Amino acid sequence: MAFIQFSQVSLAFGDRDILKNVSINLQKGSKVALTGANGAGKSTLIKVLAGLIKPDSGNRAVQKDTRIAYLPQSSLTHQGCTLIEEADKAFEFGYEIQKEIDEIGTKLQEESANVDYLVQKQAELIETLEESGWHRRQAVAESVLLGLGFLRSDLDRRCEEFSGGWQMRIALAKVLMQHPDILLLDEPTNYLDIEARNWLEQFLKDYKGGFLLVSHDRYFLDVTISEVYELFNGELKRYPGNFTHYEKVREVELQTLIHAYEQQQQEINKLEDFINRFGYKATKAAQAQEYQKKLDKMVRIEIPENLKKIHFSFPPAPHAGRLVLRLNNITKTYDHKKNVLDNLELTLENGQRLVVAGRNGAGKSTLLRIIAGEDKDFSGDVNPGAGVKIGYFSQDNAETIRGTQTILEYLESIAPLELIPKLRDMLGAFLFRGDDVYKALDVLSGGEKSRIALLQLLLSPVNLLVLDEPTNHLDMHSKDVLLDALKTFGGTVIFVSHDRGFISQLATHVLHLENGTYKYFPGDYEYYLEQMEKEGGGGGIPLGSATKPAMVSTDSTAAGLASSPTPSNGGQIKQNSGASSGDNITETTRSPITPPESSAPTPSAPLSWEEQKKLEAEKRKKEKEITRLENQITELEAKKKELENKMADPAVYSNGEKAKAVQRELNEIVSKIEEVTEQWMLASE
C-alpha cells in the first residue's frame, strides 16, 4: 500500500523549532486536514512531506512507486502553450510508463532471457497505466477543467492570458489530473468560487487515494476530511473526526489550558514582583536569586493564537430609514453586445444581510461597484435612502494603502477614540500579532494590505456595508471574529463571498445573478439552495430577466410583477432631499417579499414517566457506547504510535521482512482506527 511516513522528524530555522519529533502516516484513503495558527509551519510541514525540504533529524519513509503531487499556496504561472496543452503535461508520468512498456516489448522481441520477469513487469505497468486513467486523459482533463470553472472556449486559449487566480486553478487542475497516491494541497480553495469548491468537495469525497490539505473554509473541511492534525509549537497532534468535532474537543482542552495558563501567570507575577521589590536587599537577595532561577527554568504555557477568542463590534451605525436602497432598471454591458446586468430591480430594507450569488463573471462585483458609486458607466437609478452612509470594501482598496507610517500609527489616526484601546486586539484578530503592528505600510504584501483595508472599513461609522469577498486572506479565526461583528452590526449588509459557511451564517436574503437575469430569494442561504435544487437551478422569485423587467411587491402574497419606469438619468445616483426618514424614495416602494411565517407546530402530548425512563436509559446506553469507542480509539492510537516508533528503529526498517511485518500490523491498526472512528461518529450523531 502506498504511503508517506514520518517518524520523530525535527526541523529548525535558526533558533526556532518548526517541527519537534513529529510523526505522521499518510496512506491510501487518508483524508487529513492540517491546521494551526498562521506562521505555525503548516506549509513547511507539507514541503517536508513532499520531499522538497530535508528535515534536520528523524526519518521520512515513502513506499516504493508511491506517486505524490503537491500544490503550493501561490506563485505558479503557466505560459507558452494553450490550456489543454498545459493540462496534458499532468499526464507526463503516463507517457513515461508507456515508453517503458514499449521498451520491454522491444526486449521481448529481441531476447529470450528473463522472459517471465519482463512479461510480469510489462503487465504490472499496463495495469498501473490503466488504473491511472491515462488512456482517458483527454476526457479527464476536460472534466477537471470544466469542474474548476473553465469554459469549453477557454481550452484553446493561451495560458498567459489567464490572471493569477486562474493560473492557480490551472495548477490545481494539473495536480488532480495526475491522480496520485497522495495529494498534498496547501490552501486549494483560495482562488475558487462556490461552484468550483462544490466540485472539488465531491472530487475529494470520491477520491480513492489519500490527501492532506490546508484550508480556511470550515464547511469544505467538514465534508471532505475524517481526521485533523494540529501543529502547535512544533508539535503535531491528531484528532479523529471532522473539523467541527476537532474544534469542540480542542475547546474543552483549551479551557484546561487557559486555567493552567492563568495559574502560571499568577505565579510568574508573584515571583517577578518579589524579585523587583527585594532583589537589591541583602537580606532577601539569596531568595530573589532562587526565584529568578525558578523563573528561568519554568516551561511557559502558551495558548494557540488560532484558538484565542477575540470579539469586537462596529461603531454604532448612524440612523437610517426603513428603506435603505432602491435599484431601478440597472443595466450594464462591457462589450455592447450582451448585458452583464439587465434591468435589475431591487429594494433593500434596513437590517437585511443580502448575499449576491452566482458564477464567476455573472456581475456580482460589478453590481457592488455600482451600488458603492465606484462604477458610473451604467444605465438606471441607484437611490439610497435617507441618512444612508455607505462603506465599501473590495480587494482594490488595498492599492490605496501606502506610506511610511506603521500599521498601528495608521489605524490610530483614523479610529474613533473609543476603539483605540481595542486596536491591538482587533489587529491580532486580523493576523497582525506581536511586532507585526510596527510594519511600515509600504512593505506590506497585497494580502496584508487587504486585511488593513477591511479593518479600516470596520472602524468607520456607516450603516450600509458593501463587501466584495471580505473573507479572502483571512484564516478561520479571523472569519469568526468578522462574522460575529457583522451579525451584531446595527446596519445593512450587501456582500459577495465564496465561503459557504460564512454565507450560511450571515445571509438573510439572496440575490442570484446568471446570464444577465436575476432572481431574489426571500430567505437564508439554505432556503436559496433548496429552491435552486427544486427548480433545477431555476428557483426563487423571478424579479427580472433580459426580456421582462419586473419587481416584487409586498402588496400580495404572490410574487407581483410590474413594469418599471424607464431610467431617466443614465446611471446617476439619486438622493432625494427634503424627505422624512424612511420616506425619501418618492416612487411607490415595493420591497422584497418576506418569507411567510411557518405555522407553529402542534405541541405533542407530554411523555409518560415510563417513556421518559426508556429515553433516559437509551441515552445512557449511547453515552456508554461513545465512551467505550473513545477509549478504544485512544488505545489504538497508542498502539499505532508504538508501531510507528518501531518503523523508525534501524533494526526494523533495515530488515525487509521485519519492516513488512510491522507495516502490515500498522496498516491493520490504521484500518481498525478508521472503522472504530466511523462507529464513534455514527454513535455521536
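1. Let me start with a strand residue: Asn343 lies in strand S11 (residues 339-349). Helices and strands here are DSSP runs, H or I of at least four residues for helices and E of at least two for strands, numbered from the N terminus. Asn343 has a positive phi of about 55° although it is not a glycine. Most residues other than glycine have a negative phi.

2. Before going further, a word on the basis of these notes. This is a predicted model, in which local features need pLDDT of at least 70 and side-chain atom pairs count only at pLDDT 80 or more, while totals for chains, interfaces and linings use all residues. Residues are numbered from 1 along each chain as its sequence is written, and side-chain values use heavy atoms, with hydrogens and water left out.

3. Now the overall picture. The protein has 20 helices and 19 strands. Of its 685 residues, 48% are buried (buried is under 20% relative accessible area, exposed over 50% and partly exposed in between, with a 1.4 Å probe and protein chains only). Among contacts with a separation of 6 or more, 70% are between residues 24 or more positions apart (a contact means heavy atoms within 4.5 Å).

4. Next, helix H5 (residues 137-147) against H6. Their axes are 10 Å apart and the packing angle is about 140°; axes are lines fitted to C-alpha atoms, for helices over the stretch in contact, and angles run from 0 to 180 degrees between N-to-C directions. H5 and H6 are therefore oblique to each other (under 35 degrees counts as roughly parallel, over 145 as roughly antiparallel, 65 to 115 as roughly perpendicular and the rest as oblique). Val140, Ala141, Val144 and Leu145 in H5 meet Ala173, Leu176 and Met177 in H6. These contact residues divide into seven nonpolar, no polar and no charged (Ala, Val, Leu, Ile, Met, Phe, Trp, Tyr, Cys and Pro count as nonpolar, Asp, Glu, Lys and Arg as charged, and the others, Gly among them, as polar).

5. H6 (residues 164-177) also packs with helix H7 (residues 194-206): the axes come within 13 Å and cross at roughly 15°. H6 and H7 are therefore roughly parallel to each other. From H6, the contact uses Arg169, Leu172 and Leu176, and from H7, Ala196, Trp199, Leu200 and Phe203. The tally is six nonpolar, no polar and one charged.

6. Is His179 buried, exposed or partly exposed? At 33% relative accessibility, His179 counts as partly exposed. Phi of His179 is near 50°, a positive value in a residue other than glycine.

7. Please also look at Thr471, in the loop between strand S15 (464-468) and helix H15 (476-487). Thr471 is buried, with a relative accessible area of 6%. Leaving aside neighbours within four places in sequence, Thr471 contacts Lys479, Ser497, Asp499 and Phe502. The side chains of Thr471 and Ser497 are joined by a polar contact of 3.5 Å. (A polar contact is a pair of N or O atoms within 3.5 Å; within protein, one must be able to donate a hydrogen and the other to accept it, and residues adjacent in sequence count only if both atoms are side-chain atoms.)

8. Finally, His498 sits in the loop between strand S16 (492-496) and helix H16 (500-506). His498 is buried, at 11% relative accessible area. Beyond neighbours within four places in sequence, its contacts include Asp193, Arg197, Asp217 and Glu469.
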